[in-house]
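The following paragraphs lead the reader through one protein structure. Please look at the sequence and the model before reading on.

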Amino acid sequence: MCFLLVFSFCRNCRWYFRKIKRIEAEKKLLLPENEHGAFLIRDSESRQNDYSLSVRDGDTVKHYRIRQLDEGGFFIARRTTFRTLQELVEHYSKDSDGLCVNLCKPCVQR
C-alpha cells in the first residue's frame, strides 16, 4: 500500500524538483531507492507556468502535464481541478483517477 507524507506546497516540498529536465527526472526516479509509484513535480520544459508530474511505473517513468487554470488552480484532466498542487498530490495519492498508478512516496533526493 502506498504511503504519502503530506506537505504544504512550497518551493521546499520534497516532491518539487524545480527546473530539472525530463531525462534527469527519469534517472532520479529509476534509482534503486525509489519504488513503483515514486513521483516528483518539476517545472515544465515546454510551457512556462505549467508543471510536469513524473511517476515511476515499474521500470519506466510516465510524465503528465499539470496545467494552470486562468482563474487559478491546476489540473491534469479538466474534469478534476485543484486549488493547489498539494491538493492534486493528495488526490492522486488516494486514487490514480486515470494516472498509471497512485502516487506514493516523493522521489528520493541524493
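Arginine 42 stands opposite serine 52 in strand 2. Serine 52 in turn stands opposite arginine 65 in strand 3. The structure is a predicted model, in which local features need pLDDT of at least 70 and side-chain atom pairs count only at pLDDT 80 or more, while totals for chains, interfaces and linings use all residues. Residues are numbered from 1 along each chain as its sequence is written, and side-chain values use heavy atoms, with hydrogens and water left out.

The two pairs above belong to a sheet. Strand 1 and strand 2 are joined in the antiparallel sense by five bridges, and strand 2 (residues 51-57) is connected to strand 3 (residues 60-68) by seven bridges, again antiparallel. Two strands are taken to pair if DSSP finds at least two bridges between them. Altogether, five strands make up an open sheet with the order 1-2-3-4-5 and antiparallel pairing. Strand 1 (39-43) and strand 5 (81-82) each have a single partner strand and stand at the edges, so one side of each lacks a neighbour in the sheet.

Helix 1 (residues 22-29) lies across strand 1, strand 2 and strand 3, and runs at about 160° to strand 1. Such angles run from 0 to 180 degrees between N-to-C directions, with axes fitted to C-alpha atoms, for helices over the stretch in contact.

What lies in the interior? In soluble globular proteins, nonpolar side chains tend to be buried together. A nonpolar core is a set of buried Ala, Val, Leu, Ile, Met, Phe, Trp, Tyr and Cys residues joined through side-chain atoms within 4.5 Å. The largest one here has 20 residues, and Trp15, Ile41, Leu53, Ile66 and Ile76 have the most contacts inside it. Strand 1, strand 2, strand 3 and helix 2 (85-94) are the elements that give two or more residues to this core, and helix 2 provides the largest share, four residues. A second, separate core of eight residues includes Ala25, Leu29, Leu40 and Cys107. Leucine 53 touches, among others, Phe39, Ile41, Tyr64, Ile76 and Leu103, not counting residues up to four places away in sequence; contact means heavy atoms within 4.5 Å.

Cysteine 107 counts as buried because its relative accessibility is 2%, whereas cysteine 100, at 30%, counts as partly exposed. A search of the whole structure finds zero disulfides, a disulfide being a pair of cysteine sulfur atoms within 2.5 Å.

The backbone also deserves attention. Most residues other than glycine have a negative phi. Arginine 18, in the segment before helix 1, has a positive phi near 60°, and it counts as partly exposed because its relative accessibility is 39%. Aspartate 97, in the segment after helix 2, likewise has a positive phi, of about 45°.

Finally, of the 110 residues of the protein, 44% count as buried.

Definitions and conventions. Buried < 20%, exposed > 50% of the residue type's maximum accessible area, 1.4 Å probe, protein only.
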